[in-house]
Amino acid sequence: MIEASHLTCVRGSRRLFHALSFSLQPGELLHVQGPNGSGKTSLFRILAGLAVPHAGKVLWQGRPIADQREEYAAGMLYLGHQPAVKDALGVMENLQVSCRLGGIEATLASLKQALDAVGLSACARLPARVLSQGQRRRLALARLWLGERPLWLLDEPYTALDAKATQMLEQRIMQHQSAGGMVILTSHQAPGLPMRALELGQ
Amino acid sequence: MPDILRWLLWRDVQLVLRQHADVLSMLFFFVITTSLFPLAVGADPKMLHTIGPGVVWVAALLSTMLSLGRLFHADYQDGSLEQLLLSPVPLTMAVAVKIFAYWLTTGLPLVFLAPVLGMMFGMADQELWVMTWSLLLGTPVLNLIGAVGAALTLGVRGGSVLLAVLILPLYVPVLIFGAGSVVAVAGGQSAQGGISLLAALLVLTVVFAPVAVAACLRIALE
């Protein structure tokens, strides 16, 4: 489980949130809500361990994430705003490399399956530079089908996705939840799944 | 863990091989700047022989500066750097591999080109050897020091000028020992002093630069 305890985030002279505490048990989904600039992305970066909170800490399996960087990295998947797709590499190569760099040993068959799941199997051999925004997002999301990481941190995963892709993402999240996974996500559109809500910027 | 680093090396080398315009223009810059000197100072073989080592070394140094900004910038922009920070391998190791891949694709070609340019300045066989050796030891040092600067100026507007201002003073010792060793051989002395000091600089930067780069990247991404 992941637990945030008394997190405070300060950007410049502005305090984005103060003494924010919550915890997430296996099988729980959390929807972080709030207007633009309320600190959603900052919260995600803190939860991922990319940024250090002004005060408070994040605990993973009961221990601070700063003390167990590598174990935490092996149990968590963070997908940020940028899809981390390399234009010069092929679609399949991109997925393969991003899995390997994340420490996931995916077989060729499972990579194909993941591309199939996000509807990109037809462009597996194309260079990634020909992909549209939505297809890039799908390629980034394909990692959700590979390597079972218990915790997913998804910052605006629905951006640029069409209705069909949104539906397939929600199905995958539900599947992950029923397998005991945890998901924290932000989105400005209401997700089609029942989720606990966390409101920022009040 | 070594598997992750192998894939990182493969990816970085592949990216350069497939977008080779950057490297080719850097090598072209290296050839052009060295060729400009004989045109500017005249074709007196004795003078060219005197300035040769210095010119080749300065041109090599400026060429490595040219592409330094690219080292982390693309990864920073497309989000790959974030993912690298979250990869279950120590960031210091990942950074060391990235710099090695960068040297393989930009530093090593310079080392191979340098003797050809050296001939243009009428260098003798032994001087060419010493120059190649000095560049072989010196270019990784330039890249390692440069990587610290590139990480420090990541995401800063007008970063490339700032990078040059930050890094060029730190390149001075490398330049002195590198060009100095070739000059020493040309003057009939031993090049061993300069070469040994370059090797010492290499050991020092290999140990400390990746740690510094990793720390700078964490700050840059926060």
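1. Start with strand β6 (residues 76–79) of chain A. Met76(A) and Tyr78(A) point one way, Leu77(A) and Leu79(A) point the other way, and all are buried. A residue is buried if 20 or more other C-beta atoms lie within 10 Å of its own, exposed if 12 or fewer, and partly exposed in between; the C-beta atoms are placed from the backbone. Strands (E, at least two residues) and helices (H or I, at least four) are DSSP runs, numbered from the N terminus.

2. A word on the source. This is a predicted model, where local features need pLDDT of at least 70, side-chain atom pairs count only at pLDDT 80 or more, and totals for chains, interfaces and linings use all residues. Residues are numbered from 1 along each chain as its sequence is written, while chains are lettered from A and ligands numbered from 1 in the order in which they are written.

3. Which strand pairs with β6(A) in the parallel sense? The partner is β7(A), over 4 bridges. Two strands pair if DSSP finds at least two bridges between them. Met76(A) stands opposite Leu151(A) in β7(A).

4. Gly147(A) lies between α5 (133–141) and β7 (151–154) of chain A. Gly147(A) has 16 other C-beta atoms within 10 Å, so it is partly exposed. Gly147(A) touches Cys99(A), Ile104(A) and Ala106(A), leaving aside residues up to four places away in sequence. Contact means that the C-beta atoms of two residues, placed from the backbone, lie within 7 Å. Ser110(A) is 37 residues from Gly147(A) in sequence, and their C-alpha atoms are 9.5 Å apart in space.

5. Chain A also has an open sheet of 4 strands. Their order is β2-β1-β4-β5, and the pairing is antiparallel. The edge strands, β2 (14–24) and β5 (63–64), each pair on one side only. Strand β4 (residues 55–60) pairs with β5(A) over 2 bridges. There, Leu59(A) has Pro64(A) as its bridge partner. Helix α1 (residues 40–48) of chain A packs on this sheet and touches β1 (2–11), β2 and β4. The direction of α1(A) makes about 130° with that of β1(A). Here axes are lines fitted to C-alpha atoms, for helices over the stretch in contact, and angles run from 0 to 180 degrees between N-to-C directions.

6. How many residues does each chain give to the contact? Chain A gives 22 and chain B gives 21. On the side of chain A, α2 (69–75) and α3 (91–101) each give two or more residues. The largest share, 4 residues, comes from α3(A).

7. Chain B has 9 helices and 0 strands. Its radius of gyration is 18 Å, close to the 17 Å from the globule rule for 222 residues, so chain B is as compact as a globular protein of that length. That radius is taken over C-alpha atoms, and the rule is 2.2 Å times the number of residues to the power 0.38. Buried residues make up 44% of chain B.

8. Last, the largest nonpolar core. It has 121 residues; Leu47(A), Leu139(A) and Ala147(B) are among those with the most contacts inside it. Such a core is a set of buried Ala, Val, Leu, Ile, Met, Phe, Trp, Tyr and Cys residues joined through C-beta atoms within 7 Å. Ala147(B) touches Leu71(B), Ile99(B), Ala209(B) and Val213(B), not counting residues up to four places away in sequence.
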